[in-house]
Amino acid sequence: MKRFSILATCSLIISVVLSSCGGNSLPIVKDGETGYMVTFGECGHGSISVKPALPEEGAILPEGTVLKVKAKADPGYVFESGYRAKISRIGNFVSSAYTEYPTKEFTITVDAEMAIGASFVEESRVKGIDVINNIVFAKPGVKTLKYDVYKPSGAKNLPGIVVVHGGGWTSNDEDVMRGYARRLTDGGKYVTFSIDYRWLGTGDGDETPNTMNNLIEDVFGAILHIQEHAAEYGLDPNRLGVTGVSAGGHLSACAATLIERVGNAGFGKTPGVYQFIPTYLPAGMDADKARECLKAIKAAAPSCGVFAQDGLGKYVEDLSPEAQEAVFPICNIPDVNERTIPHFINRGTEDKLISDQSNQEYQDALVAKGQESQYYLVEGANHAFFAWKPDQKTKDIFDKFGLPCAEDMLVFFDKYLQK
């Protein structure tokens, strides 16, 4: 089972009964029994059956009702995931938080207003790609950290690309990058890894709030686990690229630029010293040795990301000014004479969250250090156009803007990762 949160402000993909009073997934009490509205969600190119049967318009079901769901794809399509979308309301604002299920048959317990459905994709999108889901690499707190592997069938000694998801550092998981990961893989040149990390604060259920350095340590830990198991994935562990979207754009840039800060001293344990100890370390390896392994990262392609104080402010306010600089990619770019780390920066021209100025400043800072960098603008795209969700509108945005950008990105990775 995988979980990720999605705000659906412009296009709600589920059918709901609107309430004028607002609230968060309000229960309905009928004849002294608490119930919730359950409806059908989007199931393009396939269908689901539910037991006990659910009317087409949905129904109010008692809390605790167990629904058995079975998905079936139309000809030419394959099942991708089942889901339930838990609905929350505040006035006229509606949001949905998805729980996804990787098998065609799954069960759902009614505990909130929700829609249930399934996602299906064209067979051509998955042909020749082997997927390994939920590889666990660490459990530093309540949340189990994992990644998914997308590898060409018969992969052997191929370079790899590590994808870091977005979500404001406080939501989503690696599932939201699966369309992107598939596209980076389907040319047969790369093994792609979509990784998860802790959320900032206490969103994972941890009593001690997670800070930005913890998330960066998770990313480094995932990469080290991937390198350790490279032979199982058909991967050359010495040829890696990193990419990510939104918050993942920042974290992938961190993975590229902050390697020199990986070390045994830890983050702030000694006054004035801010080193990252990866969440996972292979047996017999300490953080100092890990630093050398991580230099296998040869190129970075951060998308819709933030790289400095601008955009990161409130997310790092629990860190001292010196500690903040340690998590800003723009402050940690290595000189080209010390280490080369070419970049492919990209952003949608209609992105209202990430400014052109901040991206240009990062581009200029890279060039000032002698690093090769190109800044690619995706005409007409808004924020996080690489995201993949069960609704068709999000998939269409990915196809319109994400696919062409990925084509150019692969040309970039080919230059630096292919022998």
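## A walk through the model

Start with the rings: the structure holds 19 aromatic pairs (rings of Phe, Tyr and Trp, the last by its six-membered ring, with centres within 6.5 Å; planes under 30 degrees apart are stacked, over 60 edge-to-face, the rest tilted). Select Tyr147 and Phe193, an edge-to-face pair with 6.2 Å from centre to centre and 75 degrees between the planes. Now colour by element: Tyr147 sits in strand S12 (residues 145-152) and Phe193 in strand S14 (residues 191-195), so this pair links distant parts of the chain, 46 residues apart (helices are DSSP runs of H or I with at least four residues, strands are E runs with at least two, numbered from the N terminus).

Before you click on, note that this is a predicted model, where local features need pLDDT of at least 70 and side-chain atom pairs pLDDT 80 or more, while totals for chains, interfaces and linings use all residues. Numbering runs from 1 along each chain as its sequence is written, and side-chain values use heavy atoms, with hydrogens and water left out.

**Two backbone stops**

Stay with S12 and step into the loop between S12 and strand S13 (158-164), where you'll find Asn157. Asn157 isn't a glycine, yet its phi is positive, at about 55 degrees.

Next, select Lys51 and Pro52: the peptide bond joining them is cis, with omega about -5 degrees. Pro52 belongs to the loop between strand S4 (46-51) and strand S5 (59-62).

**A helix crossing**

Show helix H3 (residues 212-228) and helix H6 (residues 287-294); their axes come within 11 Å and cross at roughly 70 degrees. (Axes are lines fitted to C-alpha atoms, for helices over the stretch in contact, and angles run from 0 to 180 degrees between N-to-C directions.) That makes H3 and H6 roughly perpendicular, a label covering 65 to 115 degrees; under 35 is roughly parallel, over 145 roughly antiparallel, and the rest oblique.

**Two cavities**

Searching the whole structure turns up two cavities of 30 Å³ or more. (On a 1 Å grid over the protein atoms alone, a cavity is a set of points where a 1.4 Å probe fits but cannot get out; lining residues have an atom within 4 Å of a point. Points join across faces, edges and corners, and the volume is the space filled by probe spheres set on them.)

The largest cavity holds about 40 Å³; select Phe307, Ala308, Asp310, Ile330, Ser358 and Glu361 to see its lining.

Key: 1 Å grid on protein atoms, 1.4 Å probe; cavity = no way out; pocket = protein on both sides within 12 Å on 5 of 7 lines; lining within 4 Å.
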